[in-house]
Amino acid sequence: MRRFSWFNTVSLTLGFAFLYLPMVLLVFYSFNESRLVTVWAGFSTKWYGELFRDQAFLDAAWVTLKVAVFSSTLATILGTMAAYVLVRAGRFHGRTLFSGMIYAPLVMPEVITGLALLLLFIGINLDRGVFTIVLAHTTFAMCYVSVVVSSRLTTFDKSLEEAALDLGCSPFEAFRLVTLPIIAPAVISGWLLAFTLSLDDLVIASFATGPSATTLPIKIFSAVRLGVSPQINALSTIMIGIVTVGVIIASLLSKRAAVAQRRDEQAAVRAE
Amino acid sequence: MRRFVLIAIPYVWLLALFLIPFLIVLKISLSDIALSRPPYTPQLDLTAGWEGLKSFFSELDFENFTFLTTDDLYWKAYLSSLKIAAISTFLTLCAGYPVAYAMARAPEEWRPTLLMLVILPFWTSFLIRVYSWMGILSNEGVLNQVLLWLGIIDAPLQIMNTTTAVYIGVVYTYLPFMILPIYSALEKLDGSLLEAAEDLGCSRFAAFWLVTWPLSRNGIIAGCFLVFIPTIGEFVIPSLLGGSSTLMIGKVLWEEFFSNRDWPVASAVAVVLLLILIVPIILFQRNEQKQREAEG
């Protein structure tokens, strides 16, 4: 087994300290009694209490969650279709434009995407609110989903699908019974990616929304623009906590799946 | 028929919500502002047929773009965005390479955990990660407290609201984008090449410089683009950590739109930003293409 050299140990320690220390400090100061960032005045959970009494935050959280669920689900459906078209549909008229439109939003600065969508919504006289944010988030998130799903589709054995077709499946049945179960992990991680992108987005949502709907990032941004706010520290801690628990559960599940798969393989070998 | 429907649904969605909005931005950047808010002139009057189309195009002009050249603010903001993006890409490379290198050389059973620790910040809110530095960098912040306590400085350093804070913010938030491609290049590296180099009389440093570095070049190039391209249009980092002297074009566009409400100029700023970004984006795609061909 290779050991860590001192250089590698130092780089890893410094690198991970840099990545995690700011978030650890944020969590630490969310339990500070004092309003000031740096004066430690004793342990307190009062900022959490204030956060949960603040109706504006609760409303914003609800809007954000609604938008994220709708847009990531829609983005997963459209993105999976787009990936299927890219990998399986072969040549068709306007294919270059299509793949260009899939990849362009990934590198487009958010300020431009936001501005463009707002001008469209105004141009067609659409009332801005939850609905327009969902449209905006679905559009950029479906591109991420289709990249994730198409990379899984390209490594996927096409003959399995063809076998299903030969055995009398309709193309849709072949997709539902054969392709979808195999690409399911990519579809699920595409959905999760779209969901977090939507939860996180400030810039595009600011352009796409009207006065009727405020999302959590918009609320956070306006609260911290002028400085540190203990309520936002508490909110951040809750969000970091949810992500950490989610990632730990996901990694335990995937580890268990890997162990189960190995057990099945060994059993299959023994049976032979 | 079924194939047509399958293609048409995502296609039409992207046309309607991605391509057409851009054409609108382009059109408005070439229009005159009429009574401050929409409608803008010229209007496209399709009922007038060919004549309407002709008058629509003849009334478009480059006035908003010439306006961008008359005010110092804009070209200074473009240049400063490019400069900030270039310097922070370099700093991110300096910080990210050793971490990626150490990860690739770590014992195999450690690697999935280390990889997960690098990816984890992606799932945490970008806005909150930028915000976390406000409490560290401010005058009464943690960093200044520690430095004062250690006796390294006598008076608090002004870091918050300066361009330095923007560099720190970019390096912090984009570090995983640098580490991951370099790690995946280094991980594939064959250790026997290094042994061969050392057997042939290279020092460890020379072996690194002559073997490891060139073989990780594709990862470095990919990482640099992944940091450089989004940083140019960055809005959140300069508006939370930067001061009034930090000029970045994403922030200028935002203010032009939300504060000045000059939509034609904001659209022109967006079009020029896009033109600036086309070069690095094309270079990036070429590099990716080359890499795919080399692997396939």
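**Note on a predicted two-chain model**

1. Glu195(B) sits in helix α10 of chain B, residues 191–199. Helices here are DSSP runs of H or I, at least four residues, and strands are E runs of at least two, numbered from the N terminus. Glu195(B) is exposed, with a relative accessible area of 53%; exposed means over 50% with a 1.4 Å probe, protein chains only. Between Glu195(B) and Ala207(B) there are 12 residues in sequence and 8.7 Å in space, C-alpha to C-alpha.

2. This is a predicted model, and local features need pLDDT of at least 70. Residues are numbered from 1 along each chain, and side-chain values use heavy atoms, without hydrogens and water.

3. An unreviewed UniProt entry annotates "transmembrane region" in chain A, including residues 12–31 and 67–89. Such annotations may be inferred rather than shown by experiment. Residues 12–31 of chain A are 90% helix and 0% strand, with end C-alpha atoms 29 Å apart. For residues 67–89 of chain A, the figures are 96% helix, 0% strand and 31 Å.

4. How many residues of chain A are in contact with chain B? The count is 81, against 81 residues of chain B, with contact meaning heavy atoms within 4.5 Å.

5. The area buried between chain A and chain B is about 7,300 Å², and carbon and sulfur atoms give 82% of that. Buried area is the accessible area (1.4 Å probe) lost on putting two parts together, summed over both. Helix α1 of chain A, residues 6–29, supplies the largest share of chain A's side, 14 residues.

Conventions: Chains lettered and ligands numbered in written order. Predicted model: local features only at pLDDT ≥ 70, side-chain atom pairs only at ≥ 80, totals over all residues. Buried < 20%, exposed > 50% of the residue type's maximum accessible area, 1.4 Å probe, protein only.
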